[in-house]
Amino acid sequence: MTRGRTVASVAMTRGRTVAAVAAAVVAALVLTGFGFTWPFVIGWSLLVGALSLLAQLAVPLEPSADAPHIPVEPDRRPTEISRLAWALNTHTGLAGPQITRRVREALRHRLRRRGADPADPAARSQVIDLIGPDLWDRLEGPRTTIVDIERALDAIDALSPGPSAETTTTTPDAPISPTGRAPLFPRHRR
């Protein structure tokens, strides 16, 4: 495999060199045709050849031609969980549409189990009683925050049909929510 890559790179190098020599010869013929002196023609031809070589070095034909091949293990591919985690912007405190949509659908499912459909205006008061006055509006709005996602996850836990099957481990300084789940991002004082 290494020999095949070496032969291909030598052929690619020869092709680039031939292209640079051809550019220098074309420049020499054009300048000679216009009647310039030989020192001028030779100097500009060498300059054109050198610039064409440098342009090929700076801008390779194939971006991955000189990059090492690193095989990707099947366990290291991005997962849905990692994509959802990247949808949380800790610098701005905003949650992306991917995670907002997933949490909103999980909350809608739990609310429908309790007989309160958030899409039904008649069930609005029941939705407010179950999850709070503004949570559903915040999840449907354009600027959902991480705190809103945490509140929605707490509401999903509170609406669960039975005791939580998972055990939570919290750090001593992490505040615990009413449902017993630690927040996604503990607040640290600076």
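These notebook entries record what I looked up in the structure.

**Basis.** I worked from a predicted model, in which local features need pLDDT of at least 70, side-chain atom pairs count only at pLDDT 80 or more, and totals for chains, interfaces and linings use all residues. Residues are numbered from 1 along each chain as its sequence is written, and side-chain values use heavy atoms, with hydrogens and water left out.

**Helix packing.** I looked up helix 4 (residues 97-113) and helix 7 (residues 146-158), whose axes are 9 Å apart at an angle of about 25 degrees. Helices here are DSSP runs (H or I, at least four residues), numbered from the N terminus. Axes are lines fitted to C-alpha atoms over the stretch in contact, and angles run from 0 to 180 degrees between N-to-C directions. The two helices are therefore roughly parallel to each other (angles under 35 degrees count as such). Among the residues in contact (heavy atoms within 4.5 Å), I noted Val 103 and Leu 107 of helix 4 and Leu 153 and Ile 156 of helix 7.

**Salt bridges.** I found six salt bridges in the structure, each a side-chain nitrogen of Lys or Arg within 4 Å of a carboxyl oxygen of Asp or Glu. One of them joins the side chains of Asp 137 and Arg 124 (2.7 Å, N to O). Asp 137 lies in helix 6 (residues 135-140) and Arg 124 in helix 5 (residues 124-131), so this pair ties together parts that are 13 residues apart in sequence.

Note on methods:
Angles under 35 degrees count as roughly parallel, over 145 as roughly antiparallel, 65 to 115 as roughly perpendicular and the rest as oblique.
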